[in-house]
Amino acid sequence: MTRAAGRLLVVLVALLAALATAGPAAAHVGGGAAGSDFDARVLAVTPEVPGLAVRVLQFGDEVELVNETGSEVLVPGYDDDPYLRIGPDGVWRNANSPATYINLDRYAQVDLPEHARRGAEPDWVRVSTEPSYVWHDHRTHWMSAEVLPPAVAADPGRAHTVFAWTVPLVHDGMDVAVTGELTWTPPPSRWLVWPVYAVPVLLAVAAGLVARGPRPLGALLLVGAAAALWHAAATPEPPVSVSSHAGAVVSALLPALTAVLVAALGFRASRRGRGAMTGLFAVVLGWLLLVQGLPDVDVLWTANVASAGPHALARLAVSLLLALGAGLVVGGIAAVRRFRETAARPGGPVPVG
């Protein structure tokens with residue numbers, strides 16, 4: 001290995017360590033859960049108010065409201081108590097509303113403070129200076145962690161509408177109803193998909209362990225880089241209060257572009273017959289792919305996927321990140337050992353990378 005190549009590998013390993021320590025929330029495109037069998041959507045805002053936009057996030061776990069009307073929107077709590085005020089001067093939350101505390105836990109398993117009770121005088125606390133807010137709302141998701149809805153439990157082989165829901169609003173003194181539905185879709189059969197996930201692992205291991213040269217391993221590096229790029233490009237639109245969609249995609253592209261650089265260098269080394277060097281790049285790329293894919297592993301066994309692209313492509317990308325990533329780590333280690341030992345023998349046909 002040349003001195004320049006060794007220095008480059010050190011830099012790449014440092015980048016890998018930084019990405020690994022960023023944690024799943026930073027690595028996952030969009031943040032939060034990547035997949036679920038449940039899903040919720042807004043069907044209508046009645047009456048329609050120009051400048052008022054409402055959508056559900058995280059498969060029904062959160063509601064986002066963007067108010068660009070110039071007038072305030074009041075969001076009642078579960079007992080019609082004042083909970084949120086969202087308007088031109090920002091977002092105000094009532095510290096005496098039971099909803100303020102109930103919404104802190106997905107299943108409402110909280111102890112309410114003494115002052116949080118129905119009918120209490122509102123205590124408004126400013127929580128944002130923007131006219132938009134995201135909150136957890138129990139009206140839009142299934143409230144049991146371990147028990148499926150009765151209709152789903154009776155017939156889990158087909159899709160179901162679990163229930164219709166309504167989130168009431170008051171805009172400039174006028175009642176507004178946000179209506180929607182929560183659905184459940186059967187997950188893909190594991191007996192059909194898991195054998196498919198095993199193929200990239202076996203291909204990468206075989207490329208490093210038994211292939212006559214490093215070119216098959218180099219080709220698989222490009223496949224992994226393509227999966228990383230698609231995974232980043234399909235970043236779902238984040239909440240407006242967090243960041244722009246373009247900013248989220250740019251943030252997700254950092255590890256993907258690092259993977260592309262590693263794959264390009266490894267492919268170049270494979271074309272030059274440098275087996276040990278190709279193996280080293282395969283190990284680095286394998287870890288990069290795993291760092292990007294592991295936070296989204298739940299898309300492999302859930303029906304709905306958090307992605308801006310087709311669900312099938314999102315699953316394919318994550319399966320390649322995970323399966324090919326694991327295979328490249330193992331296959332890369334095997335290639336380093338095998339091609340280095342071959343080159344060390346007198347007359348060895350494969351040069352050291």
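So, the sheet: it's an open one of seven strands, in the order 2-11-10-5-6-7-8, with antiparallel pairing. Strands here are DSSP runs of E, at least two residues, numbered from the N terminus, and two of them pair if DSSP finds at least two bridges between them. At the edges you've got strand 2 (38–46) and strand 8 (124–128), each pairing on one side only. Neighbouring strands in this sheet are turned by 25° against each other on average, direction ignored; the axes are lines fitted to C-alpha atoms, with angles running from 0 to 180 degrees between N-to-C directions.

Keep in mind this is a predicted model, where local features need pLDDT of at least 70 and side-chain atom pairs count only at pLDDT 80 or more, while totals for chains, interfaces and linings use all residues. Residues are numbered from 1 along each chain as its sequence is written, and side-chain values use heavy atoms, with hydrogens and water left out.

Now zoom in on strand 5, residues 73–76: four bridges tie it to strand 6, residues 82–87, and the two run antiparallel. Leucine 74 faces arginine 85 across that pair.

And what does the charged end of arginine 85 sit over? The ring of tryptophan 124, 4.8 Å from its centre. That call needs CZ of Arg or NZ of Lys within 6 Å of the ring centre and within 35 degrees of the ring normal. Arginine 338 does likewise over the face of phenylalanine 339, at 4.5 Å from the ring centre.

On confidence, pLDDT, the predictor's score for each residue from 0 to 100, averages 87 for the protein, and 86% of the residues score at least 70.
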